[in-house]
Amino acid sequence: MKLKMTVLFTMAFCALFAQGVKREITISKKYLNFPVEHAQERQRMAMILPGTDDRSFVIRLSDGDPDYWVFSDVSAFIGKTIEIEYPKASEGLANIYQSDEINGADSLYKESKRPQFHFSPRRGWNNDPNGMVYNKGEYHLYYQHNPYERNWENMHWGHAVSKDMIHWEELPDALYPDSIGTMFSGTATVDFENTSGFKTGDEDVIVAAYTADSPGNEVQCIAYSNDRGRTFQKYSGNPVIDTKEKWGTKNLRDPKIFWHAESGKWVMVLFEKTGMSFFNSDNLKDWDFQSHTGGFWECPELFELPVDGDKENTRWVLYGASGTYILGSFDGKVFTPETDKLRYFRGKMYAGQTFNNIPKEDGRRIQIGWGQIEQPGMPFSRMMMFPNEFTLRTTKEGVRLFSEPIAEIEHLHEKSYKWENLTREEANEKLKNLEGDVFRIKMKVKLLDGTDFSLKYNGNSILHYDMNWNNLNGEFYGGDQIENLTFYYEILVDRTSVEIFADHGKFSLVAQLQEAKNKNGFEFDKNWATIKIEELEINELKSIWE
């Protein structure tokens, strides 16, 4: 089957470019810059590369005035000649140029809608976080990436690394589409014992599991890196899992892999049809089906956490892309539910994943989710939400999953202000003196009379709680000890996003920050209710790009 797919791909590739145009370029600079114009139809371009797989992608190549420029890192080919093939004559083909800087480098990370303390790619579209793994002082964030347009297409694995999960350095894309398919979501782990046999040098081998998507199928593949996750070699035996015949669908994707010490096996959790399947392996190459749990869609996660910090009392958390989860037990083969479906967040976040291999002395379970947040008019689109720490805590309703911003956010505090026991009017007067446009806010509000209160930012409500209907920004949330009519919120405000963590992470929301209606900054809305702001802390934040 794999040989047949490869032959068909090669035949189609050759036929497509038989009547096209070609341009040879001897590479002497780090980047090729491509002009993009959204008025143009997408056309397939190929880059014929010496000594490695060719690259094929669709692009809206500009024939006139480009909307923006995108780039490809070709530093690996300096001194060599590559060939670009395109199906028609185009002024844009001649305008592709080399440089040691990307086009627009002078304004990079200073764009008006660039998130200032959330990761976003330099150019192009991003969605799901992939392959999140810690190794030798670096946090790796791979992600779904279209490097050639600000809309979804051409799925690659983008790549960024960080020392602190706050400041990110974007590296070249790590996985490229191939004859099996485009690079859909997956995960990565460090194979410390070299069970896969992929290790060739002194570095521990990082193994990635990913979905290759084609029009008729989704299959699971693996790749490995012997240079600390910078480049990957795809396994010659791919795909390692192909279950379309079993399930009768192509909805088969997003493998999550990790080492299960108790059973001494590698575990893969894989979305298949309408739920999550569990596989075991000794070597990350040969996988055996074990069981299936229904009721989830896409991007599985599975991990164990202590309850209230007690390592003798743990639960396993299983969730899918939408943020619904189940608590239960897991023996390495079968997940046994102990709760009904629960939910820890709502809003414009999706496909959250957690880091593999965080050191035991740290012990945290840290998630990054994809922010479905728009940045209109920018040469990039979407972002990652701020890293959250997961904990399990006992509540009146039972054990629940909490999420709060990681403590490292304090490294971004630039100016901080704290007040206590303010009326609405007193608080609004204090808030007039703030500077900047990115903030962390912590507040404790007591409702003295009436039913609801709001916090506005530049004329738009970013937090509204209605005690009568128990709604937080339109989503049902009963609160924590609501009989006391006291509410605690942490709010993160970036240039295009708002994140709200209610009652120390019991419930959270992610929202698009609306265009400013005025320049009033923060203000508690003047309505008929009476409130006391018992605690108010405002932190102006530094940019992570400085």
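Which strand gives the most to the lining of the largest pocket, and with how many residues?

Guide: This is a predicted model. Strand S20 gives the most to that lining, with 5 residues. S20 covers residues 301-307 and is one of the elements that give two or more residues to the lining of the largest pocket; the others are strand S12 (182-191), strand S16 (252-260), strand S21 (310-319) and strand S30 (388-395). The pocket holds about 1400 Å³ of space. Its lining has 37 residues, and those nearest the centre are Glu 304, Ile 358, Lys 360, Gly 363 and Arg 365. Sorted by class, the lining has 16 nonpolar, 9 polar and 12 charged residues.

The structure holds 4 cavities of 30 Å³ or more. Among the lining residues are Pro 129, Asn 130, Ser 185, Gly 186, Asp 254, Pro 255 and Lys 256. By class, the lining of the second largest cavity has 5 nonpolar, 4 polar and 2 charged residues.

The largest cavity has about 60 Å³ of space. Its lining divides into 11 nonpolar residues, 1 polar and no charged. Phe 117, His 118, Phe 119, Leu 141, Trp 168 and Met 384 are among the residues that line the largest cavity.

Pro 129, from the lining of the second largest cavity, has Tyr 143 in S9 as its bridge partner. S8 and strand S9 (residues 138-146) run antiparallel and are joined by 7 bridges. Both belong to an open sheet of 5 strands with mixed pairing, in the order S11-S10-S9-S8-S28. Strand S11 (168-175) and strand S28 (380-381) are the edges; each has a single partner strand, so one side of each has no neighbour in the sheet.

Arg 114 is buried, with a relative accessible area of 0%. Its side chain makes a polar contact with the side chain of Ser 120 at 2.8 Å, and also reaches the backbone oxygen of Arg 122 at 3.3 Å. Beyond its neighbours within four places in sequence, Arg 114 is in contact with residues including Leu 108, Tyr 109, Phe 380, Asp 494, Arg 495 and Trp 545.

Terms used. Residues numbered from 1 in each chain as written. Predicted model: local features only at pLDDT ≥ 70, side-chain atom pairs only at ≥ 80, totals over all residues. Heavy atoms only, no water. Buried < 20%, exposed > 50% of the residue type's maximum accessible area, 1.4 Å probe, protein only. Polar contact = N/O pair within 3.5 Å; in protein donor to acceptor, adjacent residues only side chain to side chain. Contact = heavy atoms within 4.5 Å. Pairing = 2+ DSSP bridges. Helix = DSSP H or I, 4+ residues; strand = E, 2+ residues; numbered from the N terminus. 1 Å grid on protein atoms, 1.4 Å probe; cavity = no way out; pocket = protein on both sides within 12 Å on 5 of 7 lines; lining within 4 Å. Points joined across faces, edges and corners; volume = space filled by probe spheres on them. Nonpolar A, V, L, I, M, F, W, Y, C, P; charged D, E, K, R; others polar.
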